[in-house]
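This briefing walks through a single protein model, topic by topic, for a reader who has the sequence and coordinates to hand. The points are grouped so that each can be checked against the structure.

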Amino acid sequence: MDIREVRPAEYTALGDLTVDSYLRGGFLIGGLQDGYTPRLRDVAERAASATVLVAVEGEGDRLLGGVTIAFQGSPLMELGGDGDAEIRMLAVAPEAAGKGAGSALAAACVERARAEAGTKRIVLCSQREMTTAHRIYRRLGFEREPSLDWEPLPGVPLWAFSLAL
């Protein structure tokens, strides 16, 4: 498995993978009509203002998953402030679950953040039900940051996590 930046030719496939992952996991409250679906699908927009990484495997670079990491000044920062990086939209293809793609993508975000001058902390938010992702984050040293918890919509609480670098 390799972790690298997404290529423009992969934007549509990664968008579809991300939506499918969230949908199958039960993380899109309104199914495909959920207001978050277009944001998950629009990889080109994410790549224009942040770094989008993919996990790939095999000769044809089969997509296993993807993640976005935003740095200071990116409009994708929702929780982060000065000196922060923010992980967004971690998704793994259902057929790749359990193969380590999610862990590898999250670890790559930590490496990128450590290499980015001035970055002192990584933050992220996650639905309470995303327990597999929580295990990945905790293994990497992330801790719950309840002071950053928020609700993008009434009844959709998001838990915050942070990692000091």
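How many cavities of 30 Å³ or more does a search of the whole structure find? The search finds one, and it should be kept in mind throughout that this is a predicted model.

**Cavity and pocket**

- The largest cavity holds about 40 Å³ of space, and its lining is made up of R39, D42, E45, R46, L76 and M89.
- The largest pocket has a volume of about 980 Å³, and 46 residues line it, of which Y22, F27, L90, S126 and M130 are the closest to its centre.
- Two or more residues of this pocket lining come from each of α1, β4, α4, β5, α5, β7 (150–153) and β8, with α5 giving the most, namely seven residues.

**Nonpolar core**

- The largest nonpolar core contains 42 residues, and the members that touch the most other members are L14, Y22, V67, I87, I122, Y137 and F142.
- The elements that each give two or more residues to this core are α1, β2 (51–57), β3 (62–71), β4 (84–92), α4 (101–115), β5 (121–127), α5 (131–139) and β8 (156–164), and α4 gives the most, with seven residues.
- As general background, nonpolar side chains in soluble globular proteins tend to be buried together.
- I87, one of the core members that touch the most others, is in contact with V67, T68, C109, I122, V123, L124 and F142, when residues up to four places away in sequence are left out.

**Strand pairing around β2**

- β2 is largely enclosed by the rest of the structure, because six of its seven residues are buried.
- On one side of the pairing scheme, β1 and β2 run antiparallel and are joined over four bridges, with E5 having L53 of β2 as its bridge partner.
- β2 also pairs with β3 in the antiparallel sense, over seven bridges, and here L53 has V67 of β3 as its bridge partner.
- The hairpin of β2 and β3 has four residues between the strands, and within this hairpin G58 takes a positive phi near 85 degrees.

**A buried glutamate in a loop**

- E10 is located in the loop that lies between β1 (2–5) and α1 (11–24).
- With a relative accessible area of 11%, E10 falls under the 20% cut-off and is therefore classed as buried.
- Leaving aside residues up to four places away in sequence, the contacts of E10 are R4, V54, D61 and L63.

**Cysteines**

Conventions
Residues are numbered from 1 along each chain as its sequence is written. This is a predicted model: local features need pLDDT of at least 70, side-chain atom pairs count only at pLDDT 80 or more; totals for chains, interfaces and linings use all residues. Side-chain values use heavy atoms; hydrogens and water are left out. Buried means under 20% relative accessible area, exposed over 50%, partly exposed in between (1.4 Å probe, protein chains only). Contact means heavy atoms within 4.5 Å. A nonpolar core is a set of buried Ala, Val, Leu, Ile, Met, Phe, Trp, Tyr and Cys residues joined through side-chain atoms within 4.5 Å. Two strands pair if DSSP finds at least two bridges between them. On a 1 Å grid over the protein atoms alone, a cavity is a set of points where a 1.4 Å probe fits but cannot get out, and a pocket is an open set with protein on both sides within 12 Å along at least five of seven lines; lining residues have an atom within 4 Å of a point. Grid points are joined across faces, edges and corners, and a volume is the space filled by probe spheres set on the points.
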